[in-house]
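Good morning. I have one structure to go through today, and I will keep it short.

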Amino acid sequence: MSHTDPAKSRVPNLVALQLAGTDAAQFLQGYLTADMNEIEPHAGLPMAWCTLKGRVLANGWVAGTQETVTLLVDASVADALEREMRKYLLFSRSKLQRAALPPNLALPPTTGRAGDDAQALADALAEAALVIVNADTSESFLPQMIGLTDIGAVSFAKGCYLGQEVVARAQHRGEVKVRLRRYEPSGNPLPAIGDDLLDGTRRVGTVVGVGAGIVLAATRSASTQLEAADGSPLKLAA
């Protein structure tokens, strides 16, 4: 049994990518899961950027106006997202750059803000059951598998975006067997994001979020107790 990799993270490290130009929001409407007609300057709208296979490459929040849009994602996936965006920006009149993190931007459905201490933000994310993928979990899950459809990060009414056919088909056919579940850890140290979870000897899930007294896991097992990578038990929260 493997122990927790010390290089893996338990807290998010948010960075901002800014797209500015006459068609900034219009461009992103065809790529993000969120409806860009709903963006606001002072509150982030939960969103994801999926691959063509419907897997979440990066997620977080989007905020701004129709001509200046800021995306907040984990730093470990920012380079990959930027590379992906630039492939399509050849057909846009907007420019992409790294930007300063807007410190007072509200991050629904959490009580946190963009400038919060990383551990405080991790606690708020876990409490709100909001998963932010990082390099250890990127391209591993459909939005439904990590609860993004439950917190309003995916619009099923706005039309096409990258991976939309796969995501919509999974939603309407009810084919998603992996679900986000909340566990109470009893071991120390806590597992890290990306760690495997076991049901007996079977690998049944992955840790996707860690906060104060809460472990979020994408798992296909509804067992009331699983085992983390360090051997400590996790009890399914009520």
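**A proline, a helix and a loop**

I start with Pro 109, which sits in the loop between β5 and α3. Helices here are DSSP runs of H or I with at least four residues, strands are runs of E with at least two, and both are numbered from the N terminus. The peptide bond from Pro 108 to Pro 109 is cis, with omega near 0°.

Before going on, some ground rules. This is a predicted model, in which local features need pLDDT of at least 70 and side-chain atom pairs count only at pLDDT 80 or more, while totals for chains, interfaces and linings use all residues. Residues are numbered from 1 along each chain as its sequence is written, and side-chain values use heavy atoms, with hydrogens and water left out.

Next, the loop between α3 (118–127) and α4 (164–173), where Leu 162 is found. Is Leu 162 buried or exposed? Leu 162 is buried, at a relative accessible area of 8%; buried means under 20%, exposed over 50%, and partly exposed in between, with a 1.4 Å probe and protein chains only. Beyond its neighbours within four places in sequence, Leu 162 is in contact with several residues, including Trp 49, Glu 84 and Tyr 88. Contact means heavy atoms within 4.5 Å.

Glu 84 and Tyr 88 are among the buried residues of α2. The buried residues of that helix pack against β1, α1, β2, β3, β4 and β5.

Back in the loop between α3 and α4, we find Glu 139. Its phi is near 65°, a positive value in a residue other than glycine. Glu 139 is partly exposed, with a relative accessible area of 48%.
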